[in-house]
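This report concerns the salt bridges of one protein structure. Please view the sequence and the model before reading on.

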Amino acid sequence: MKKIMSGNEAMARGAFEAGVKVATAYPGTPSTEIMETIVREYKDIYAEWAPNEKGAVEVAIGASFAGARAMASMKHVGVNVAADPFMTLSYVGVNGGLVLITCDDPELYSSQNEQDNRNYAKFAKVPMFEPSDSQEAKQFVKLAFEVSEKFDTVVMVRGVTRISHAKGIVELEEPVIPPINLEIRKQTAKFTMLPSYARVRHGVVEERLLKLKDFAEEFPGNRMEINDPGVGIISAGISYQYAKEVFPDYSFLKLGMVWPLPKNMIGEFFKKVKKVYIVEELDPFLEENIRVMGFKPKGGKNLLPICGELNPLKVEKGMSGKKFKAPKSFLEETLPPRPPNLCAGCPHRGVMHVLRKLKVYTAGDIGCYTLGAYPPLNAVHSNVCMGSSIGATHGMAKALGEAGKGQIVGVIGDSTFLHSGVHPLMDVAYNKSYVTIIILDNRTTGMTGSQEHPGTGYSIRGEEAHKVDFVELGRTLGIENPRKVNPWNLEETEKTIKEELEKDSPSLIVSEGPCILLRRAFRKYNKPLQVDSTKCLGCKTCVNLGCPAISYHLVEGEMAVTADGKKRKGIAFIDSSLCPGCHLCFQVCKFEAIQSQEEKPIFGFETV
Ligand SMILES: Cc1ncc(C[n+]2csc(CCOP(=O)(O)OP(=O)(O)O)c2C)c(N)n1
């Protein structure tokens, strides 16, 4: 049977067909749907959202020790978080096959950097496969499990956004029964990385790499397509598709295994074609390694950019030197640009408004609330990686001493806090900072599309689960009196933050307001608010909340004065189809021009 599948769905299918027993992940675009597909389609696989990527890899390691085929999937930066177990996993090897999927994000559609994770395979001395369509995505994941067991190594499979999210035809096969028995095996010297054992394992890694080099020569995903012998292109993954689309008549060495590389095959290709070019996205990874082998390609990164995504047009321009003329896109002409924004009714907006008003320095973290950095909120001033906000506030406070008192705040989402904020909060308490940390608890992992985590009270399959209590946890970590606020109540939020800023000891505030898109958390939404056009002075205070439901319109003639004769240039308008009735605009309007349609204004929602 054949089915149309995205690359992510195909990778999940590959895991199913390979007989995977345990699948772990932490959400992150563009990888998230791998796990979501496993949960939806393949109920026999044990699946979990781990609190972070390091945890996900460690769970997969344990499953592999017991003989199970196990898979961990994550976005490219997730591998950084998992790098500690991953690098030594290379030494210990596996029992059951273990595959780590990294989904890279060239062009940074939704990431904090655009690192090229092919470098990790070389760094850890483990094999990496790189599919160029959905069929290969499935097939390579299956093959990866076989290679993992055969060579006693974790295998990485690398996707990029275009592979993860583009759809293609996939041929479905029956799942296999993995060859390794499930049992407890005590293999201390293999799995205990004390220096004396690890020294031995390093030698094993080097020997394995030599064997993998031989294997690369016969890997079925590496193939030569000899057409025009004048020009040959070496490429892999999505870059192969772009190059093939632009130059269908050239010869190709299409690599499915990007580490280690098949030296003999590459040499043969150089013999068969006159001029060789290398087409690859991001780093000159293939190019550098092929040059080190002594081959001399005519072109690579001297023709194509290192930054950003490739596409057929960029490949054509770079390779042929033709003057590049982008076609006028229909979409570009008709759609206005829409920068990302917090949703109408988002609980983060109230906190951002107050932080802007208090003029504090806010170290941000990664999540929807990072959008508070954009105008008009301008409330977040830094953000490096998940969990970095708390440590950054602490370091800043230690550097500034008295001069920074009352001015340093860190904001961190609930999922991000549990991912990597717990240790830094422990540090803040242990090493006595005066900073104020706000956990923006919206009861979900909002930015990646609403996944559960240990603070939501639900498992990946929607079963009830233990729910972390952020106030209790804060207290355990050493924060004296953690407090809660309703972020839709601006007066309460401002008063609480101000009081905590004044303290000499570290503070923790838990802003409790569910993500406005998390329907299960709301008994009902409120009625939309309305602007009284006879009273609105056009002061833009409500507009500056940055709420997508509120717009500002210039007015002329009769409309250019209020009912009581005050001049105005414009008025605000609330789109009732977008407004869930959070009442933030009601609270900031000084002219009573915004009207609640409720019997009594509600600062927040009836939540469950
Ligand atoms: C190391 C790493 N893993 C995963 C991601 C993807 N990611 C971006 S934000 C985010 C968490 C967002 O959830 P939360 O902190 O609860 O904030 P919210 O978006 O709900 O406001 C995740 C998982 C990432 N950027 N970096």
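## A buried pair

Lysine 254 and glutamate 136 are both buried (buried means under 20% relative accessible area, exposed over 50%, partly exposed in between, with a 1.4 Å probe and protein chains only). Their side chains form a salt bridge with an N to O distance of 2.7 Å; a salt bridge is a side-chain nitrogen of Lys or Arg within 4 Å of a carboxyl oxygen of Asp or Glu. Because lysine 254 belongs to strand E11 (residues 250-255) and glutamate 136 to helix H7 (residues 134-151), the pair ties together parts 118 residues apart in sequence. Helices (H or I, at least four residues) and strands (E, at least two) are DSSP runs, numbered from the N terminus.

## Basis of the model

The model is predicted: local features need pLDDT of at least 70, side-chain atom pairs count only at pLDDT 80 or more, and totals for chains, interfaces and linings use all residues. Residues are numbered from 1 along each chain as its sequence is written, and side-chain values use heavy atoms, leaving out hydrogens and water.

## Pairs within helices

In helix H12 (residues 263-272), glutamate 268 and lysine 272 are four residues apart, so about one helical turn separates them. They form a salt bridge, with 3.5 Å between the closest N and O atoms. Glutamate 268 is partly exposed at 38% relative accessibility, and lysine 272 is partly exposed at 42%.

Helix H21 (residues 490-501) holds glutamate 494 and lysine 498, four residues apart, whose side chains meet in a salt bridge at 3.5 Å, N to O. Glutamate 494 is buried at 15%, whereas lysine 498 is partly exposed at 40%.

## A network

Shared partners link the salt bridges of Asp104, Asp116, Arg118, Glu130, Arg158 and Glu280 into one network. The structure holds 37 salt bridges.
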